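I opened my notebook to go through this one step by step. These are the things I looked up, in the order I got to them.

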Amino acid sequence: MACSVDAPSLKDLPKVATDLKSQLEGFNQSCLRDVDTNEKIVLPSAEDVAKEKQHNALLQGVEQFQTSSLRKTETVEKIVLPNALDVATEKTQKSLFDGIEKFDAASLKHTETQEKNPLPDKDVVAAEKQHQNLLEGVEHFDKTQMKHTTTEEKNPLPPIEAIEAEKEKNKFLNGIENFDPTKLKHTETCEKNPLPTKDIIEQEKTA
C-alpha cells in the first residue's frame, strides 16, 4: 500500500536571504568562461600491479583451498611436572598462608604505648640561645651608634715603563694603519736555477 506525501506549503519552504536572492537573479551568465574538462586516468605503476597480482593470487588460493588435502592429527596434551625448587616454594607459601589464617589472636600480650619526648641536651640549648641572640641583635640594632665614613676611591697611575710600552704599541699600530703603499718601489723577482758543477756531476755518476 503506497502512502501519499503532501507537498509542503509556501510558508514551510526555506527562506533565501534578500541580498543572495538579488545576486542570483542579477547574475550575468556571459561572464562565465568556456572551459574544457580534461579527464586524467593515472595508470598504476609496475609495483602496484605486482602487489595487486599477489593479493589476487592469495585470495584465489584461500577460496580454492582443498580441505581434503589436510591430514588428520591428534593433539597430545603434555603435563609438565614442577621441579624441586617449585615444590619447595609452593610449600613455603602454603605454610605461610596457613600460619596467617590459623593465627590465634588470644596469644598476644597486652601492651601500652608510651610517648617519649626527649628534652634537648646542653649543646642544643646553647646553640638555640646563640641563634636567638643573633636574631634579636639584628632586629633591634641601633643605627644611631654607627659612625659616618667616607669612601675613598683609589685609582693608582701606571708606572713609567708601562706608559712607554703603551706609547710604543700605539705608535706601531698607527704606522700600520696610516701606511702609504704608494711609497713602495717596484721590484722584479728573478728566479735562479744554478747548474751543477763538474764535481757534482762526477759525484752523481759514481753514486
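**Confidence.** I checked pLDDT to begin with, which is the predictor's confidence in each residue, from 0 to 100. In the protein chain, helix α1 (residues 18-25) has the lowest confidence with a mean of 76, while α2 has the highest at 91. The chain's average is 83, and 94% of the residues score at least 70.

**Ground rules.** I noted that this is a predicted model, where local features need pLDDT of at least 70, side-chain atom pairs count only at pLDDT 80 or more, and totals for chains, interfaces and linings use all residues. Residues are numbered from 1 along each chain as its sequence is written, and side-chain values use heavy atoms, with hydrogens and water left out.

**Overall build.** I found six helices and zero strands in the protein chain. Helices (H or I, at least four residues) and strands (E, at least two) are DSSP runs, numbered from the N terminus. The radius of gyration is 55 Å, well over the 17 Å that the globule rule gives for 207 residues, so the chain is more spread out than a compact globule. That radius is taken over C-alpha atoms, and the globule rule is 2.2 Å times the number of residues to the power 0.38. Along its principal axes, the C-alpha trace spans about 120 × 100 × 90 Å.

**Surface.** How much of the chain is buried? Buried residues come to 0% of the 207. Here buried means under 20% relative accessible area, exposed over 50%, and partly exposed in between (1.4 Å probe, protein chains only). The chain exposes about 23500 Å², and carbon and sulfur atoms supply 56% of that. These areas come from the Shrake-Rupley method with a 1.4 Å probe; for residues, only the protein chains shown count as cover.

**Helix α3.** I checked the length of α3: at 1.5 Å a residue its 18 residues should span 26 Å, and its end C-alpha atoms are 26 Å apart, which agrees. The expected span is 1.5 Å times one less than the number of residues. Zero of those 18 residues are buried, so α3 lies largely in the open. Leu96 sits in this helix (residues 84-101) and counts as exposed at 53% relative accessibility. Together with Phe97 and Ile100, Leu96 makes a nonpolar surface patch of about 340 Å². Patches are made of residues with over 30% relative accessible area and no salt bridge: like charges are joined within 9 Å, nonpolar side chains (Val, Leu, Ile, Met, Phe, Trp, Tyr) within 5 Å.

**Salt bridge.** How many salt bridges does the structure hold? It holds one. Glu47 pairs with Lys51, with the closest N and O atoms 3.6 Å apart. The rule is a side-chain nitrogen of Lys or Arg within 4 Å of a carboxyl oxygen of Asp or Glu. Glu47 and Lys51 both lie in helix α2 (residues 46-63), four residues apart, about one turn of the helix. Glu47 is exposed, at 53% relative accessible area.

**Loop.** Lastly I looked at Val80, in the loop between α2 and α3. Val80 counts as exposed at 76% relative accessibility. Its C-alpha atom is 79 Å from that of Leu13, 67 residues away along the chain.
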